[in-house]
Amino acid sequence: MNRKSLNEVIKLSDEQKKQIAGEIRAFYLDVRGEEIGMIEEQQIIELFCEHLAPIVYNKALDDAQYWLKEQMGNLEVDYYLLYKDVR
């Protein structure tokens with residue numbers, strides 16, 4: 001699979017990017033006792049979007065497929081319950 005830009009992998013609104021950047025900044029300050037700049041925040045966001053987002057996206061698709069199969073199985077059972085007893 002080709003490497004894709006941040007906007008092709010996952011689209012974040014400016015507000016979402018701002019919120020995530022704040023969380024990254026707080027993490028570095030609280031856990032590591034370090035302050036990082038805006039460039040580092042953006043690089044971390046891009047790194048996670050490029051590498052983690054496709055994994056999460058694929059997992060969500062797998063979960064949706066599993067759910068759909070379960071629903072289709074239920075639908076098939078419900079379908080056969082519609083049959084009338086013929087003697």
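Ile44 sits in helix H3, and at 16% relative accessibility it counts as buried. Here buried means under 20% relative accessible area, exposed means over 50%, and partly exposed is in between (1.4 Å probe, protein chains only). In sequence, Ile44 and Ala21 are 23 residues apart, while in space they are 8.6 Å apart, C-alpha to C-alpha.

A word on what you are looking at: this is a predicted model, in which local features need pLDDT of at least 70, side-chain atom pairs count only at pLDDT 80 or more, and totals for chains, interfaces and linings use all residues. Residues are numbered from 1 along each chain as its sequence is written, and side-chain values use heavy atoms, with hydrogens and water left out.

Stepping back to the whole protein, you will find four helices and zero strands, giving the pattern α-α-α-α along the sequence. Helices are DSSP runs of H or I with at least four residues, strands are runs of E with at least two, and both are numbered from the N terminus. Of the 87 residues, 14% count as buried. The protein exposes about 8000 Å², of which carbon and sulfur atoms supply 57%; these areas come from the Shrake-Rupley method with a 1.4 Å probe.

Leaving aside neighbours within four places in sequence, Ala21 is in contact with Glu41, Gln42 and Ile45. Glu41 lies in helix H3 and is buried, with a relative accessible area of 3%. With the sequence neighbours within four places again left aside, Glu41 contacts Ala21, Ile24, Arg25 and Ile36.

Next, follow H3 onward to H4. Two packed helices are described by the angle between their axes and the distance between the axes. Helix H3 (residues 38-51) and helix H4 (residues 53-81) pack at about 40 degrees, with their axes 3 Å apart. The axes are lines fitted to C-alpha atoms over the stretch in contact, and angles run from 0 to 180 degrees between N-to-C directions. Phe48, Cys49, Glu50 and His51 of H3 meet Ala53, Pro54 and Ile55 of H4 in this contact.

Finally, let us visit the tyrosines. The whole structure holds four aromatic pairs. Rings of Phe, Tyr and Trp (its six-membered ring) pair if their centres lie within 6.5 Å; planes under 30 degrees apart count as stacked, over 60 as edge-to-face and the rest as tilted. Tyr79 and Tyr80 form an edge-to-face pair, 5.3 Å centre to centre with 80 degrees between the planes. The rings of Tyr80 and Tyr83 have centres 5.7 Å apart and planes at 15 degrees, so this pair is stacked. Together, Tyr79, Tyr80 and Tyr83 form one aromatic cluster. As for accessibility, Tyr79 is partly exposed at 47%, Tyr80 is partly exposed at 49%, and Tyr83 counts as exposed at 53%.

Definitions and conventions: Contact = heavy atoms within 4.5 Å.
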